[in-house]
Amino acid sequence: MSKSKSRQTRPAAFSSSLILIASAGLLIAATGFAGPSGKFERTYSPQGAAHLTISNVNGRIRVAAWDKKTVSVRADAAPSVSIEDRVVGEDINISVKRNFRLSRADFEVSLPADSSLVLRNVIGNIEVQGVNGHISVNSIDSDIRLVRVNSPAIDVKVTSGDIYFDGELREGGSYSFQSMRGDLDVTLPGSTPFNLNARALSENINLGGFLSHLTGASRGTKGVSGNYLNGGSRLTLTTYEGRILLHKK
Amino acid sequence: MICNQCQELISDYIDGSLELGEQVQIERHLGDCEACRAVRDDLLQIVHFSHQLPQHAPSGAVWTRIQADVAQQRGPWLRAFPWLTWLKTRRLDLSLPQMAATAAAIVIAVSAAVLFSRHESPQPQVTGAGAQGVSTAEAIPLSNSDFQQIEKQINRLSESVEQRKVEWDPELRSAFERNLLYVDQCLAECRHQLNDNPADDVSQELMLNAYREKVRLLEGFEHF
């Protein structure tokens with residue numbers, strides 16, 4: 001009796017094992033490691049506009065738009081660094097595993113221009129070129145450069161480091177740049193309307209050619225608010241120990 | 001650690017030149033001692049304030065005069081205020097306007113501390129923020145509930161980071177300490193400006209924002 005019961009349950013146990021092994025295989029496939037050589041290379045093919053999140057610890061992140069529909073991510077990392085990636089639909093999430101050290105990993109990313117970006121770092125400069133999706137940058141000790149960017153919303157926060165932006169603002173968009181200790185250098189086309197809220201504890205705000213066309217303005221030593229060409233998108237600039245510099249293209 | 005020991009080391013702590021063990025001891029003491037936190041915040045303000053002033057080299061004659069004056073007066077002052085040894089041993093390269101401004105800042109800070117120690121303000125004040133220090137030495141005429149919530153959050157995060165920090169490598173610790181110092185300097189400067197002009201909306205906004213930044217910083221390091 002017991003033997004036949006055992007025979008009956010064996011196929012079920014075997015298929016369960018297969019499912020377990022297959023699931024484990026899928027998990028391993030979705031989780032990459034920098035490997036002993038310290039190289040991480042992946043190419044993703046999202047169906048729609050990609051949402052890429054990179055959570056780095058220490059190292060440079062460079063992102064540039066290209067004409068292809070794929071997303072390419074390469075990282076040079078110290079051999080001890082563990083880099084994981086997870087893909088769910090169009091969401092691509094790549095993260096450097098945190099430990100007690102500032103292990104270095106430098107990322108190079110190429111992606112379609114309509115991709116959205118979330119970039120996190122502790123130390124290391126971040127550069128984004130030609131991206132038109134939402135951009136969020138959150139770092140501690142980094143210089144940030146956003147060039148040829150035409151995004152509906154940008155949020156950049158850094159504790160120490162300069163922020164450089166040369167791009168366009170979209171009607172109704174929201175753009176926020178903040179550094180506790182660093183300059184904010186923003187270059188915009190002269191024809192772009194925006195609502196400005198600039199705050200500099202250091203009392204160093206230079207609005208360049210935009211100042212003379214600012215209406216409804218409240219101007220103090222530490223803060224300037226007002227509408228440029230009757231307003232449009234919201235531009236918020238905040239620095240504590242640094243300058244705010246606005247340039248016309 | 002007692003207050004005298006803490007105040008002897010506090011300037012080196014601000015400079016980031018202490019050994020790991022001493023840093024931990026100082027931070028533990030600062031977490032419990034409001035008076036030493038006030039000394040630290042005053043020093044931060046002075047350092048920060050003097051960094052903002054234009055650099056002019058004084059003539060040799062001015063230095064000679066100052067050295068002679070200091071030599072005459074330093075004995076009793078240094079015994080009474082051990083942390084002044086830090087000021088004594090630093091080459092500050094200050095011009096006369098810088099020195100005058102710094103002296104004014106010290107006078108204002110001391111006056112404010114004396115006033116607030118004698119008269120309790122009827123307005124709600126921002127309370128202390130634990131190990132990483134939101135100072136309680138100066139009154140901030142803001143009773144926004146946002147501040148209280150953020151301070152609770154800062155206390156919780158500070159405790160968590162303090163526990164983890166012991167295991168970090170020196171580079172990570174240094175990055176954290178450096179950036180925390182920047183944020184604390186900004187907070188000290190905001191408090192200073194709010195003390196000068198409590199109704200200044202921009203300073204209030206910047207202060208609230210700086211608190212949020214401190215939360216962001218602590219959260220960023222909480223998972224190391």
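Strands here are DSSP runs of E with at least two residues, helices are DSSP runs of H or I with at least four, and both are numbered from the N terminus. Two strands pair if DSSP finds at least two bridges between them. One bridge to look for links A:Asn138 with A:Lys157 in strand 11.

A word on what you're looking at: this is a predicted model, where local features need pLDDT of at least 70, side-chain atom pairs count only at pLDDT 80 or more, and totals for chains, interfaces and linings use all residues. Residues are numbered from 1 along each chain as its sequence is written, while chains are lettered from A and ligands numbered from 1 in the order in which they are written.

Back to strand 11 of chain A, which covers residues 144–160. Strand 11 also pairs with strand 9 (residues 126–129) in the parallel sense, over 4 bridges; there, A:Val128 has A:Leu146 as its bridge partner. Then comes strand 12 (residues 163–181), which pairs with strand 11 in the parallel sense over 14 bridges. If you want a landmark, find A:Ile154, whose bridge partner in strand 12 is A:Tyr175.

Now move along chain A to strand 13 (residues 184–188), where you'll find A:Leu188. Is A:Leu188 buried or exposed? It counts as buried because it has 22 C-beta neighbours inside 10 Å. The cut-offs, with C-beta atoms placed from the backbone, are 20 or more other C-beta atoms within 10 Å for buried, 12 or fewer for exposed, and anything in between for partly exposed. Leaving aside neighbours within four places in sequence, A:Leu188 is in contact with A:Leu169, A:Lys248 and A:Lys249 (contact means that the C-beta atoms, placed from the backbone, lie within 7 Å). A:Leu188 and A:Leu246 sit 58 residues apart in sequence, yet their C-alpha atoms are 7.7 Å apart in space.

Most residues other than glycine have a negative phi. A:Leu229, however, has a positive phi of about 50°, and phi of A:Asn230 is positive too, near 65°. A:Leu229 counts as partly exposed because it has 14 C-beta neighbours inside 10 Å, whereas A:Asn230, with 11 other C-beta atoms within 10 Å, is exposed.

Over in chain B, look at helix 8 (170–196) and helix 9 (201–222). Their axes come within 9 Å and cross at roughly 165°, so helix 8 of chain B is roughly antiparallel to helix 9 of chain B. (Axes are lines fitted to C-alpha atoms, for helices over the stretch in contact, and angles run from 0 to 180 degrees between N-to-C directions; under 35 degrees is roughly parallel, over 145 roughly antiparallel, 65 to 115 roughly perpendicular, and the rest oblique.) Among the residues that meet here are B:Phe176 and B:Leu180 in helix 8, and B:Leu217 and B:Phe221 in helix 9.

Finally, how do the chains meet? In total, 24 residues of chain B are in contact with 21 residues of chain A. On the chain B side, helix 9 gives the largest share, 10 residues.

How values were computed:
Contact = placed C-beta atoms within 7 Å.
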